[in-house]
Amino acid sequence: MRDTQRQRLVLILIMTSAAFVVVFLAIFLLYRTAFEEEKARLIETAQSQARLMEAVARFDSVYSHNYPEGTEAATLSQFIEAHKQFKGFGDTGEFILAKRVGDQIKFLLSHRHSSLMIPDSIPFDSPLGEPIRRALKGQAGFMVGPDYRNVISLAAFEPIEHLHLALVAKIDLAEIREPFYKTGLLAVTVGAGVIGASIILFWRLSNPMVEEITRSREQLRQLTHRLQAVREEEQTRIARAVHDELGQALTALKMEITCLQDELDPDNAEHRQSSETMTRLIDQTIAAVQRISTELRPRLLDVFGLPEAIKWQTQEVQKRTNIEFDLKDIDQQVKLDEERSTALFRIFQETLTNIVRHAQASRVAVRLRQENRHVVMEVQDNGIGIRKHQIHRPQSLGLLGIRERALVLQGKVTFQGVPGKGTTVTVKLPVNHK
């Protein structure tokens with residue numbers, strides 16, 4: 001149930017993140033569009049004002065010789081008078097006219113909120129006069145940076161070459177951004193409300209389905225556990241019947257043949273050979289019965305416990321393969337009830353089967369220990385290493401069986417593979433202290 005809830009929370013988090021990313025991306029794109037439009041307007045305004053002033057200056061140079069302070073002053077006075085009637089653009093937009101006087105930038109006009117106040121001069125190399133300095137050098141363009149007030153602005157600048165002046169049209173960047181900040185805050189607030197309501201609705205609607213799926217999974221897990229328990233009981237019954245009844249019958253038959261051999265004519269080689277052949281067959285059958293009985297249910301597991309059963313199983317595997325086993329980290333003091341001993345032993349058997357079939361390993365280390373209220377078993381091989389995609393694929397029925405055996409006992413299994421270095425299977429089961 002907790003895993004399902006965690007998955008739903010992750011899904012909600014992904015959907016919420018995606019929604020906010022889309023909103024912020026849309027606002028950002030709108031902001032970039034507004035920024036480009038404002039930039040184009042400032043450039044167009046600066047260019048038109050500069051060209052207009054140059055045209056007026058050329059006219060005054062021909063027809064305004066009688067102006068007391070000269071033709072340039074006549075042009076400047078007309079420009080200032082015109083801006084007295086012009087309210088500018090936005091709350092922070094303004095035109096600036098300036099010229100260089102020695103190592104200072106002298107302002108001739110600052111049309112800020114139509115107040116026409118003249119700022120104080122600033123040093124020519126001051127970073128606060130960068131657009132003005134560029135225009136005085138004959139450059140035209142735009143930039144984002146601090147203005148003469150040290151406020152970040154978007155500015156378009158143009159040189160007025162005939163008068164050796166600089167014209168700057170600018171607006172505070174904060175004014176461009178402000179509506180988008182407000183829109184973003186509103187979008188976040190409204191979006192959070194809508195998403196919150198959607199999450200509550202989604203949670204309520206999905207709860208019955210999730211609970212039904214969880215119940216079905218738990219029922220299936222319990223059914224699997226019951227089937228495994230029934231199979232273990234049946235294997236135990238068959239193992240005992242084979243070992244006790246069939247084994248005793250074969251032993252009695254061998255004793256009868258031994259007695260019969262004593263009564264045979266020692267000179268009759270044919271009879272003697274037949275009886276010896278029958279004895280060998282009976283011995284082989286007894287060995288097969290013992291092997292089958294042990295494979296069905298190792299008596300070592302019931303009599304001596306899990307550590308000895310693990311050692312026996314590794315010996316059986318070593319007889320059929322060239323795999324070496326390291327068992328020095330098996331704690332002989334580990335004591336478990338029958339259910340947990342059986343589950344861990346079957347997990348160990350399935351793990352060894354996978355190693356033999358797929359791992360291409362030459363060495364396996366087995367560790368068994370008790371940590372507080374849990375028993376931990378680790379099986380580490382030096383094979384090719386399991387890949388992540390192999391762990392959860394539907395065809396990996398052996399790994400699925402290992403996980404299910406552990407989960408039904410509130411345990412946990414982890415598979416960790418390193419390509420070319422091997423795989424480690426770690427099983428952790430709570431100890432039953434009842």
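Reader: Where is the place of Glu38 in this model?

Author: In this predicted model, Glu38 belongs to helix H1. The side chain of Glu38 makes a polar contact with the side chain of Arg41, at 2.6 Å.

Reader: Is Glu38 buried or exposed?

Author: The relative accessible area decides the matter, and buried means under 20%. Glu38 has a relative accessible area of 14%, so this residue is buried.

Reader: Which arrangement do Tyr31 and Phe180 have?

Author: The pair is edge-to-face, because planes over 60 degrees apart count as edge-to-face.

Reader: Which parts of the chain does this pair link?

Author: The pair links distant parts of the chain. Tyr31 is in helix H1, which covers residues 2–63, whereas Phe180 is in helix H4, which covers residues 173–263. The two residues are 149 residues apart.

Reader: Are Tyr31 and Phe180 buried or exposed?

Author: Tyr31 counts as buried because its relative accessibility is 12%. Phe180 is also buried, with a relative accessible area of 19%. Together with Phe35, Tyr31 and Phe180 form one aromatic cluster.

Reader: Where does a charged end sit over a ring?

Author: One case is Arg100, whose charged end sits over the ring of Phe124, 3.8 Å from the ring centre. Another is Arg149, whose charged end sits over the ring of Tyr148, 5.9 Å from the ring centre.

Reader: What can be said of a loop residue such as Thr92?

Author: Thr92 lies in the loop between helix H2 (71–84) and strand E1 (94–101). With a relative accessible area of 13%, Thr92 is buried. The side chain of Thr92 makes a polar contact with the side chain of Glu175, at 2.3 Å.

Reader: How does one find empty space inside a structure?

Author: Rolling a probe the size of a water molecule over the atoms shows where empty space is left. Here the count comes to one cavity of 30 Å³ or more. About 90 Å³ of space lies in the largest cavity.

Reader: Which residues line the largest cavity?

Author: There are 14 lining residues, and the closest to the centre of the cavity are Pro131, Pro146, Asp147, Ala155 and Lys170. The lining divides into 10 nonpolar residues, two polar and two charged.

Reader: Which helices and strands supply the lining of the largest cavity?

Author: At least two residues each come from helix H3 (130–136), strand E4 (141–146), strand E5 (152–160) and strand E6 (165–172). Strand E4 gives the most to this lining, with three residues.

Reader: Where does Ile386 lie, and is Ile386 buried or exposed?

Author: Ile386 is in the loop between strand E9 (374–381) and helix H9 (388–391). At 16% relative accessibility, Ile386 counts as buried.

Reader: What separates Ile386 from Thr424?

Author: The two residues are 38 residues apart along the chain, and their C-alpha atoms are separated by 9.0 Å.

Terms used. Residues are numbered from 1 along each chain as its sequence is written. This is a predicted model: local features need pLDDT of at least 70, side-chain atom pairs count only at pLDDT 80 or more; totals for chains, interfaces and linings use all residues. Side-chain values use heavy atoms; hydrogens and water are left out. Rings of Phe, Tyr and Trp (its six-membered ring) pair if their centres lie within 6.5 Å; planes under 30 degrees apart count as stacked, over 60 as edge-to-face and the rest as tilted. Helices (H or I, at least four residues) and strands (E, at least two) are DSSP runs, numbered from the N terminus. Buried means under 20% relative accessible area, exposed over 50%, partly exposed in between (1.4 Å probe, protein chains only). A charge sits over a ring if NZ of Lys or CZ of Arg is within 6 Å of the ring centre and within 35 degrees of the ring normal. A polar contact is a pair of N or O atoms within 3.5 Å; within protein, one must be able to donate a hydrogen and the other to accept it, and residues adjacent in sequence count only if both atoms are side-chain atoms. On a 1 Å grid over the protein atoms alone, a cavity is a set of points where a 1.4 Å probe fits but cannot get out, and a pocket is an open set with protein on both sides within 12 Å along at least five of seven lines; lining residues have an atom within 4 Å of a point. Grid points are joined across faces, edges and corners, and a volume is the space filled by probe spheres set on the points. Ala, Val, Leu, Ile, Met, Phe, Trp, Tyr, Cys and Pro count as nonpolar, Asp, Glu, Lys and Arg as charged, and the others, Gly among them, as polar.
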